[in-house]
Amino acid sequence: MAEYQRICLVHYHEIGLKGHNRSKFEMRLLKNLEAHLCAYPVVTIHRISGRLCVFLKEGTTHDTMVECADAIRSIPGTARVSCGFKCERDLDQMTEAGILAMGESGAFASFKVHARRNHTDFPVNSMEINQIVGGRLSEAYPQVKVQMKDPDLTVGIEVVQNAAYVYARSIPGIGGLPVGSSGTVMSLLSSGIDSPVALWRIARRGAVCIGVHFSGRPQTSDASEFLVDDIAHVLEKTGCIARVYVVPFGDYQREIALSAPPELRVILYRRLMFRVAERIAFYEHAKAIVTGESLGQVASQTLDNIRATNDAVSLPVFRPLIGSDKLEIIAQSQQLGTFPISSQDAPDCCTLFMPRNPETHANLTAVREAEAAFPIDQWVEELACAAEPHDYACPAYKPRKKSLHDLMTENDGD
């Protein structure tokens, strides 16, 4: 039996519905795949008839191909990944490749062949390919029955202009849109469970995510910053985070805690956080702010308090977890791989100077009056200028040439 080049066929769903913009989404996904598969023996990646095909080097083992497919499945924009072989447009070779693909697919009791002919210059149509190759595969696996509805295994055959691709092992991806196809957002990122999941959900919708972590430093240790860095390294494996700004927030919280009505502290903290995130967002050309809030989960996340914090900024605020309960969020955090990190205790700004009885139904007028006692605009500029950027691997992100600190220093000189 001949040796055939191994391939991973990347299927997508939403991208295929994009009409005239489809090629832009395909190319964004292709570039993301190229960047994140550099550790694997990839020869090239091509677009072929509504798919992306990852060609692996000659001699690549089955286990390496499977590892590559597992890496692909977690990249946003991927609906499904299929492992298989490239062969000539020849029914005998398609049959041989199908036998090989079936042999690497584990145990199965039933199968069918699903062929797709994309060019009519090949004389055998899709239905005939199903019948001819399916019959031959049935002879090769006589103990397995042919079953057209819900079989254990589907052998796919894609006949394109210059080759055929045959696969059997197929695994679901996370779907969504490729990162970099939906603009840039600023995401408030703590070391807790919720905010990394919220960031990931927005990245899965194609946004380039830039995190902002408000550290309790110097009033607390910098332990939360190390946890956030660990979380970011998990997220960067699939290009879901581009940069994290660490903002030393503790002294400003202390000032608020000393003078503001205790029940309004949390809302004033969050309004200041939102303002700083918005200031950095303008520098990064981000179009929205993202938080990990879930309606009613804690005192600051009631409708009245959400309204009071939204009032501080002009950018839209996205809350991907607003309708999720804690168990759902934990399950997704475990799936994402951030849960073990987020479960570690670390003092941060969220636990610093917390009142005993926080307001749950804030009056917006009272909040604005309390905030007016502080030099908020000055604080926003100081905090934004003090923000420390940390970069991560995101092929869709292009950093500004001048740093935020340098740009703000120049503006101050003007």
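**Exercise 1. The whole chain**

What does the accessible surface of the protein chain come to, and what percentage of it belongs to carbon and sulfur atoms?

*Solution.* Start with the ground rules. This is a predicted model, where local features need pLDDT of at least 70, side-chain atom pairs count only at pLDDT 80 or more, and totals for chains, interfaces and linings use all residues. Residues are numbered from 1 along each chain as its sequence is written, and side-chain values use heavy atoms, with hydrogens and water left out.

Step 1. The accessible surface is about 18,600 Å². Carbon and sulfur atoms hold 50% of that surface. Accessible areas come from the Shrake-Rupley method with a 1.4 Å probe; for residues, only the protein chains shown count as cover.

Step 2. Check the extent. The C-alpha trace spans about 80 × 45 × 35 Å along its principal axes.

Step 3. Count the elements. The chain has 14 helices and 14 strands. Helices (H or I, at least four residues) and strands (E, at least two) are DSSP runs, numbered from the N terminus.

Step 4. Look at burial. Of the 414 residues, 51% are buried. Buried means under 20% relative accessible area, exposed over 50%, and partly exposed in between (1.4 Å probe, protein chains only).

Step 5. Look at contacts (heavy atoms within 4.5 Å). Among contacts with a separation of 6 or more, 80% join residues 24 or more positions apart.

**Exercise 2. The cores**

Identify which residues touch the most other members of the largest nonpolar core.

*Solution.* Step 1. Define the term. A nonpolar core is a set of buried Ala, Val, Leu, Ile, Met, Phe, Trp, Tyr and Cys residues joined through side-chain atoms within 4.5 Å.

Step 1. The largest core has 80 residues, and Leu272 and Ile280 touch the most other members. Helix α8 (residues 265-284) gives the most to this core, with 11 residues.

Step 2. List partners of Leu272, leaving aside neighbours within four places in sequence. They are Phe249, Tyr252, Ile256, Ile376, Trp379, Val380 and Leu383.

Step 3. Look for another core. A second, separate one has 26 residues, including Phe85 and Phe108.

**Exercise 3. Salt bridges**

State how many salt bridges there are, then locate three of them.

*Solution.* Step 1. The rule: a side-chain nitrogen of Lys or Arg within 4 Å of a carboxyl oxygen of Asp or Glu. The count is 24.

Step 1. Take Arg6 and Glu104, whose closest N and O atoms are 2.9 Å apart. Arg6 lies in strand β1 (residues 5-11) and Glu104 in the loop between α3 (91-103) and β5 (110-117), so the pair ties together parts 98 residues apart in sequence. Arg6 is buried at 13% relative accessible area. Glu104 is partly exposed at 25%.

Step 2. Take Glu34 and Lys31, with closest N and O atoms 4.0 Å apart. They are separated by about one helical turn, because they sit three residues apart in helix α1 (residues 22-36).

Step 3. Take Arg270 and Glu293, with closest N and O atoms 3.5 Å apart. Arg270 lies in helix α8 and Glu293 in the loop between β12 (289-290) and α9, so parts 23 residues apart in sequence are tied together. Both residues are buried. Elsewhere, shared partners join Arg271, Arg275, Asp311, Arg368 and Glu371 into one salt-bridge network.
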